[in-house]
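The sequence and the structure come first, and the notes after them are grouped by topic.

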Amino acid sequence: MPRFSVIVPAYRVQAYLHESLDSVLTQSFEDFELIAVDDCSPDACGAVIDEFAARDQRVRALHLPENVGLGRARNAGIAQATGDYLIFLDSDDTLAPGALRAVADRIEETGEPDVLVYDYARTYWTGESVRNTFAEHLAETGPATFTLAGRPGLLKVLMVVWNKAYRRAFVEAEGFAFPPGYYEDTPWTYPVLLAARSIAVLDRVCVGYRQRRQGNILATTSRKHFDIFEQYDRVFAFIDARPELAPWRPVIFRRMLDHFCTLFTAPGRLPRRSRAEFFRRARAHCGRYRTPGAPAPRRARLRHGLIRLGAHRTYRALWTAQLLHGRLRKVTTAVRRVLRAAALRAYYHIQLRLPVQADRAVFAAYWHRGYACNPAAIEAKARELVPGLRTAWICRPEDAHTVPTATQRLTPGTYGYWRALARSRYLVNNVNFDRRLVKRRGQVLLQTHHGTPLKTMGLDLQDRPAAARGMDFGRLLANVDKWDYSLSANQHSTLVWEKAYPSASASCATLEYGYPRNDVYQRATADDVARLRESIGIPEGTLALLYAPTHRDYRRDQHIALDLARVLRVLGPGFVILSRAHYSYGAPPVREPHPRIIDVSGHPCVEALALASDALITDYSSLMFDYANLDRPVVIHCDDREAYEAARGTYFDLLSCPPGAIAHSEDELLDVFATGHWCGTRSARLRAAFRERFCPYDDGHAAERVVRRVFLGDTSAQLPATPPALRRPAPAAGDPAQVPVSTPATATATVPADRQASTGLGLAGAQPTNHP
């Protein structure tokens, strides 16, 4: 008997059915049966279902002789189900990766509840995904299980069948079934939640609810929307048959009226000439089921009152007036925005006529994110070395907590922001400032950049539209012409910056001083490392692998190249993975929860994560150049090298000069760890050569060199850089040689012969080359 019976009814969804069924069959939890019901669909749905059933024995194809509608199709699936729990999925929606595992674990944790409610996200054709706005009602706090009386707020979560798992024995004992017609979820979900003796919640997005541009039955204009009245008749019949449910009658009554209001005002559902009739039917239901006792919000009281009175025209008039009021507010807001922008521009031009303040410096990084990267290290050192200097940091309000208390915080687009840009003598950023910045005589602009370039940048993107994405190269050059200094970490970067960002200003100087953000690697102590590991939650005695893939220009979403759970199964209990999503994606990809995978995507400081880890797994990220300073193992996983280089391009062949072992697939990566190559002597020699080439100045004093030159004007005192071989970076917490890697027969993979020459330790002639 399988754990789950996943029921997917299909009708006229041939364009989406493959993706929906694949989202189930690719789940990491495999103890399920998939019952795909062809509701006599006139398109290719039946053939698609047969195709899946032929190649996967977990799929059971069920073809109905006639079209019976969504509810009865689900009933046909229920009749065939043998699983402990029933899960319904609409055939244009998808299960999130790891959803079934999360559901199974939560069911076990909560003692086999009658119903488990989980979350969903609306997904749009644009690729945007928006989580349910009432997700707070799914918080896993309080008792593990409860009845609806213990958490009535669950009724605010969308009343649909597909965001819940149902114990099949409970469904059969209660005799639940779907009725015919539209809104068939209503007489199922309310009775199920009211009758359940144990309910649990899972605070996790498990379903992608596709918002289709067309084809959604409930969004079509039809008199079948009148089915809603019969569906609520069934709900109240269920309540009236059970006296113990009488206290819920006023609550369901209020929700019924809200449902009527939503349907009445939804554009394109009710035929125009049927609106008055719909309102009369709603008034009749209001009279039939009215039950005082459930308070309604003030705005809802007016709507409900008009339904009770049958005031159809008044309701329409007030609704129209509300729409007009909303549009007027939008226009007013737009006018205010324009006026404010004009006022800010005028204020900025006034500030441009006032003297530049020699004791002021303004810093920013990563398009106004928090206190980070080279600008942060320079800001801290400038406050230490420059007498009387007053610094400010530009960042979004949500990142203000990352800025030191001694530094002024500036919100982009405010009067203080424009005043700082107009009057501060020093302007420091790792990207370009606002394009409207007017560079004044007496101002000094330092461009620090934010990584050693492997991928092509600036003007070198002109023939790579996937990466350039409409970049205005003329504007880019106008910004470059404002630079006074361009910071470089090594000769390779110097050559790239001067070609990719050519300045028309003869006074623009390249400072080949190293990256200040890497100073911490030479200054941190073992105690610092221990404190960082404790704050992140790394268990004592384990090796922490920092997994940090970079952005893919040819993809909209993040490239999830590794099955991290599988990697940990092979590595064994002595390892944990710190998973770091690239900042450009805004949020990490949905992954299956795992006790040894720590999501550190929201951590404000990547340098802290590097210090806390024992090794790095990355692909083409510039983090590898910084991490090499720690002299800890680096493993390159480049499973899509050809696609990445075709879309973005690189300045040199990473395979000819790697910082450590290289794997072209997940199996090769596992082989690298299982054989110990990731931390062997060959890997150490590659890392040393890489460090010599790309980290010549990262000796812990880069920030001091920058401050002395830019802020103090000291052109004569150049601090000599300590050679990499003589540096003593912060020690790692663990010794890789002391942590065994499990090597079951199915865990490792033999490296193909055609790849042996390009893996990290089997690399023929893998010495660094002299060209960038």
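His449 is buried, with a relative accessibility of 4%; buried stands for under 20% relative accessible area, exposed for over 50%, and partly exposed for what lies in between, using a 1.4 Å probe and protein chains only. The model is predicted, so local features need pLDDT of at least 70 and side-chain atom pairs count only at pLDDT 80 or more, while totals for chains, interfaces and linings use all residues. Residues are numbered from 1 along each chain as its sequence is written, and side-chain values use heavy atoms, with hydrogens and water left out.

**Backbone at two loop residues**

- His449 has a positive phi of about 60° although it is not a glycine.
- The loop that holds His449 runs between strand 14 (444-447) and helix 14 (465-468); helices (H or I, at least four residues) and strands (E, at least two) are DSSP runs numbered from the N terminus.
- Trp367 is not a glycine either, yet its phi is positive, at about 55°.
- Trp367 lies in the loop between strand 10 (357-364) and helix 12 (373-385).
- With a relative accessibility of 49%, Trp367 is partly exposed.

- Six strands make up an open sheet with parallel pairing, in the order 19-18-17-20-21-22; two strands pair if DSSP finds at least two bridges between them.
- Strand 19 (597-599) and strand 22 (661-663) are the edge strands; each has a single partner strand, so one side of each has no neighbour in the sheet.
- From one strand to the next, the twist averages 20°; angles run from 0 to 180 degrees between N-to-C directions, and axes are lines fitted to C-alpha atoms, for helices over the stretch in contact.
- Strand 21 (residues 634-637) runs parallel to strand 22 and is joined to it by three bridges.
- Val635 is opposite Ala661 of strand 22.
- Helix 19 (residues 564-571) packs on the sheet and touches strand 17 (543-548), strand 18 (575-579) and strand 19; contact means heavy atoms within 4.5 Å.
- The direction of helix 19 makes about 160° with that of strand 18.

**Two packed helices**

- Helix 7 (residues 227-240) packs against helix 9 (residues 275-289) at an angle of about 10°, and their axes are 11 Å apart.
- Helix 7 and helix 9 are therefore roughly parallel to each other; angles under 35 degrees count as roughly parallel, over 145 as roughly antiparallel, 65 to 115 as roughly perpendicular and the rest as oblique.
- On helix 7, the contact is made by Ile228, Phe229, Asp233 and Phe236.
- On helix 9, Phe278, Arg281, Ala282, His285, Arg288 and Tyr289 make the contact.

**Salt bridges**

- The whole structure contains 45 salt bridges, each a side-chain nitrogen of Lys or Arg within 4 Å of a carboxyl oxygen of Asp or Glu.
- One of them links Arg360 and Asp359, whose closest N and O atoms are 3.8 Å apart.
- Both partners are partly exposed: Arg360 has a relative accessibility of 22%, and Asp359 has a relative accessible area of 31%.
- Another salt bridge joins Asp399 to Arg396, with 2.8 Å from N to O.
- In this pair Asp399 is buried at 13%, whereas Arg396 is partly exposed at 30%.
- Arg641 and Glu645 form a salt bridge with an N to O distance of 3.5 Å.
- Arg641 and Glu645 are four residues apart in helix 22 (residues 641-647), which means that about one helical turn separates them.
- Arg641 is partly exposed at 21% relative accessibility, and Glu645 is partly exposed with a relative accessible area of 25%.
- Arg74, Asp90, Glu184 and Asp185 belong to one network, joined by salt bridges that share partners.

**Cysteines**

- The structure has zero disulfides, a disulfide being a pair of cysteine sulfur atoms within 2.5 Å.
- Cys45 is in no disulfide, and the nearest cysteine sulfur is that of Cys40, 11 Å away.
- Cys45 is buried, with a relative accessible area of 0%.
- Cys638 is in no disulfide, and the nearest cysteine sulfur belongs to Cys657, 14 Å away.
- Cys638 is buried, with a relative accessible area of 3%.
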